Amino acid sequence: MNNSQPVNAIEVEGLNKTYRGNRRIGPKRALKDVSLNIPRGSFFGLLGPNGAGKSTLINILAGLVVKTSGDAQIWGYDIETDMREARRSIGIVPQELNIDPFFTPYELLDLYAGLYGVAKKDRRTDDILKAVGLGDKRNAYARSLSGGMRRRLLVGKALVHAPRILVLDEPTAGVDVELRRQLWDYVRELNANGTTILLTTHYLQEAEELCDQIAIINHGRVIKNASTKELMKHLDSKEMIIQVDRDLDSLPTELEDYNVDLRNPRELVFSYAPSTTNSGEILSSVQNAGINIVDVATHEAELEDVFLSLTSGPDTGDD
Ligand code: ADP
Ligand code: MG
């Protein structure tokens, strides 16, 4: 076993996947030349709308889908030539809630630990059950578990071999708010203790709250990859829309230092960076110009706007 610590927990280089399709549906290029490094220790978000290719990428890493071309390494192990070691380094919580209904949570985790070759004395089955909040469901039939419990059981299942990397594919679908918080608390703790986390989601807010780095994927291509802080920095822009009580035929000279538009004779639109300009200052400048304000509204650029503007474009074809 290689004990050195790679810089990147996962490295993906020029990865392509075309599903062959069948008589009814034609071939589908689900990943197009995807290159991505996921730094060791990071909490990394892969964000994209439904159908973007997130699960395809995860399933290639999991060994469930065969890539068409390109390379991927997990903890420095090639997923093809070092498949055993690659798989040992990663735990995957799949998007689907497939759980064999005839096993109890304890049996299921113990079975999986066995499949991963974890010796009986090294198994932490009860610890894991407790950690994912299923200690009291240890011997319940899986079919009696709620959606949220099943999800957490799948998280437990992905952890039986103490992987260095935990991948969660849209894990909060069907999980209520309280359980979601518990799940995130636990995953954050794993991350704080050194586990690299890769989370896919189409919920922007989730990515923004949890992840330190975010890659945005759309139509099979990575269209943005930056630290969350970096992404948020681009968002230092706000609009203030001011309705005035009379028609203006031009911008008052007192306001010419601002980035301001007369959108219609009774509406002034200021664009400004909240980090350097405050809204009170703008309001007093308007009043000092002898203009009476009737109404004020502000609009803040959100990551949502960036996400929408990046992902709303048409597919560039070629599939
Ligand atoms: P996401 O997880 O981001 O929602 P997926 O990776 O599941 O996206 O799907 C990416 C694209 O590949 C979609 O257009 C989807 O319909 C298609 N796709 C996924 N799985 C298959 C498959 N087994 N056969 C054919 N097309 C597929
Ligand atoms: Mg998916």
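Me: Thanks! Let's begin with K121: is K121 buried or exposed?
Reply: K121 counts as exposed, because its relative accessibility is 73%. One thing to keep in mind from the start: this is a predicted model.

Me: Good to know. Which residue does K121 form a salt bridge with?
Reply: That would be D122, and the closest N and O atoms of the two are 3.5 Å apart. D122 has a relative accessible area of 43%, so D122 is classed as partly exposed.

Me: And why would such side chains pair up at all?
Reply: In general, side chains of opposite charge can pair when their charged atoms come close.

Me: How many salt bridges does the structure hold?
Reply: There are 8 salt bridges in the structure.

Me: OK, pick another one. What does R138 pair with?
Reply: The side chain of R138 meets that of D126 in a salt bridge, at 2.7 Å from N to O. This pair links distant parts of the chain, 12 residues apart: R138 is in the loop between α4 (125-131) and α5 (147-158), while D126 is in helix α4 itself.

Me: How exposed are those two, R138 and D126?
Reply: R138 has 27% relative accessibility, so R138 counts as partly exposed. D126 is partly exposed as well, with a relative accessible area of 31%.

Me: Where does D247 come in, and what is its salt-bridge partner?
Reply: D247 forms a salt bridge with R266, and their closest N and O atoms are 2.8 Å apart. R266 counts as partly exposed, because its relative accessibility is 39%.

Me: Which residues are linked in a network of salt bridges?
Reply: K67, D71 and E80 are linked in that way.

Me: Switching to the metal. Which residues are the protein donors of the magnesium ion?
Reply: The magnesium ion (ligand 2) has S55, through OG, and Q95, through OE1, as its protein donors, at 2.1 to 2.2 Å. These two come from distant parts of the chain, 40 residues apart: S55 belongs to helix α1 (residues 54-61), and Q95 to the loop between β6 (90-93) and α3 (105-115).

Me: What about accessibility for S55 and Q95?
Reply: S55 is partly exposed, as its relative accessible area is 21%. Q95 also counts as partly exposed, at 31% relative accessibility.

Me: Now some backbone geometry. Which residue other than glycine has a positive phi near 55°?
Reply: D33 does, with phi near 55°. As background, most residues other than glycine have a negative phi. D33 lies in strand β2 (residues 28-39), and D33 counts as exposed because its relative accessibility is 52%.

Me: What is the phi of W75, then?
Reply: W75 has a positive phi of about 55°, although W75 is not a glycine. You'll find W75 in the loop between β4 (69-74) and β5 (77-78). W75 has 4% relative accessibility, so W75 counts as buried.

Me: Helix packing next! At what angle do α5 and α6 cross?
Reply: Their axes cross at roughly 10° and come within 10 Å, with α6 covering residues 177-192. The angle is under 35 degrees, so α5 and α6 are roughly parallel to each other.

Me: Which residues make the contact?
Reply: On the α5 side there are G148, R152 and V155, and on the α6 side L179, Q182 and L183. By type, the contact of α5 with α6 has 3 nonpolar, 2 polar and 1 charged residue.

Me: Last two. What does D110 touch, beyond residues up to four places away in sequence?
Reply: D110 touches K120, R123 and T125. D110 lies in helix α3 and is buried, because its relative accessible area is 19%.

Me: And what is N139 in contact with, leaving aside neighbours within four places in sequence?
Reply: N139 is in contact with T104 and Y106. N139 and Y106 are 33 residues apart in sequence, yet 6.3 Å apart from C-alpha to C-alpha. N139 lies in the loop between α4 and α5, and N139 is exposed because its relative accessible area is 55%.

Notes: Residues numbered from 1 in each chain as written. Chains lettered and ligands numbered in written order. Predicted model: local features only at pLDDT ≥ 70, side-chain atom pairs only at ≥ 80, totals over all residues. Heavy atoms only, no water. Helix = DSSP H or I, 4+ residues; strand = E, 2+ residues; numbered from the N terminus. Buried < 20%, exposed > 50% of the residue type's maximum accessible area, 1.4 Å probe, protein only. Donors = N, O, S within 2.8 Å, 3.2 Å for Na, K, Ca; no water. Contact = heavy atoms within 4.5 Å. Salt bridge = Lys/Arg side-chain N within 4 Å of Asp/Glu carboxyl O. Axes fitted to C-alpha atoms, helices over the stretch in contact; angles between N-to-C directions. Parallel < 35°, antiparallel > 145°, perpendicular 65-115°, else oblique. Nonpolar A, V, L, I, M, F, W, Y, C, P; charged D, E, K, R; others polar.
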